[in-house]
Amino acid sequence: MWDSVPNVRHDEPGPDPVGTRLDTRLGLRLAQLRAEHGWSLGELAERSGVSRSTLSRAERAEISPTASLLNRLCGVYGRTMSQLLSEVEAEPALLVPGAEQPVWEDRASGFVRRSVSPPHPGLRGELVEGRLAAGADIAYDRPPVPGLEQHIWVLEGALDVTAQDVGHHLGTGDCLRLRVWGPTRFRCTGPDAARYVLAVVLP
């Protein structure tokens with residue numbers, strides 16, 4: 001579940017120099033990926049539906065890209081969001097202590113994403129903990145990888161998920177299993193925040 005002001009942090013709120021450094025490395029990696037494909041900013045803008053100015057500012061780390069923007073770029077480059085983020089972080093060890101699990105926040109949408117089990121060479125799956133504030137609504141116009149397998153298990157609160165134009169209401173303890181081919185939407189419509197586990201498996 002799917003241009004300004006998110007932070008990357010490690011458990012503590014507020015300003016984070018680690019997040020600033022990660023934004024810089026992420027911008028460099030995005031520029032590298034574009035160069036590897038031989039695309040101009042204009043060509044990437046056409047493929048992703050993101051403006052040239054926004055792409056340029058993201059590559060120069062003048063803005064912190066939102067989840068929606070990263071999802072569009074991941075779709076163009078054939079990566080999951082976790083794969084992209086893992087390319088600018090140190091490769092995770094087999095054991096990932098809770099205090100070291102990267103936490104990324106999109107403050108604009110009220111979405112917090114913890115990479116519980118980051119991508120690892122030789123493994124096809126990953127685990128993500130998502131938290132949506134009450135009233136949060138995130139829409140992704142495409143999956144980062146067509147046919148991506150997802151298992152969404154709600155730990156607290158309630159979550160409304162729309163996929164393949166079909167809506168699903170998930171209460172605490174419910175699990176939705178699907179392959180993602182088109183747009184998806186995650187909404188926290190209840191009075192309280194929702195917390196869920198997202199298991200992602202590459203096709």
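A salt bridge is taken here as a side-chain nitrogen of Lys or Arg within 4 Å of a carboxyl oxygen of Asp or Glu. By this criterion, the structure holds 13 salt bridges. The model is a predicted one, in which local features need pLDDT of at least 70 and side-chain atom pairs count only at pLDDT 80 or more, while totals for chains, interfaces and linings use all residues. Residues are numbered from 1 along each chain as its sequence is written, and side-chain values use heavy atoms, with hydrogens and water left out.

Some of these pairs can be followed residue by residue. E36 forms a salt bridge with R29, with 3.2 Å between the closest N and O atoms. In terms of relative accessible area (buried under 20%, exposed over 50%, partly exposed in between; 1.4 Å probe, protein chains only), E36 is exposed at 55%, whereas R29 is buried at 14%. R34 and E59 also meet through their side chains in a salt bridge, at 2.7 Å from N to O. This pair links distant parts of the chain, since R34 belongs to helix α1 (residues 17-37) and E59 to helix α3 (residues 52-59), 25 residues apart. Helices (H or I, at least four residues) and strands (E, at least two) are DSSP runs, numbered from the N terminus. Both R34 and E59 are buried.

A further salt bridge joins E129 and R195, whose closest N and O atoms are 2.9 Å apart. E129 lies in strand β4 (residues 125-132) and R195 in strand β11 (residues 194-201), so the pair ties together parts that are 66 residues apart in sequence. E129 is buried, at 12% relative accessibility, and R195 is partly exposed, at 24%. Through shared partners, salt bridges join R114, E129, E156 and R195 into one network.

Turning to the strands, four of them form an open antiparallel sheet in the order β5-β10-β7-β8; two strands pair if DSSP finds at least two bridges between them. At the edges stand β5 (137-140) and β8, each with a single partner strand, so one side of each is left without a neighbour in the sheet. Within the sheet, β7 (residues 159-163) pairs with β8 (residues 166-170) in the antiparallel sense over five bridges, and L159 stands opposite L170 in β8. Two residues separate the strands of this hairpin, where Q164 takes a positive phi near 55°. Strand β7 is also joined to β10 (residues 184-187) by four bridges, again antiparallel, with T184 in β10 as the bridge partner of A163.
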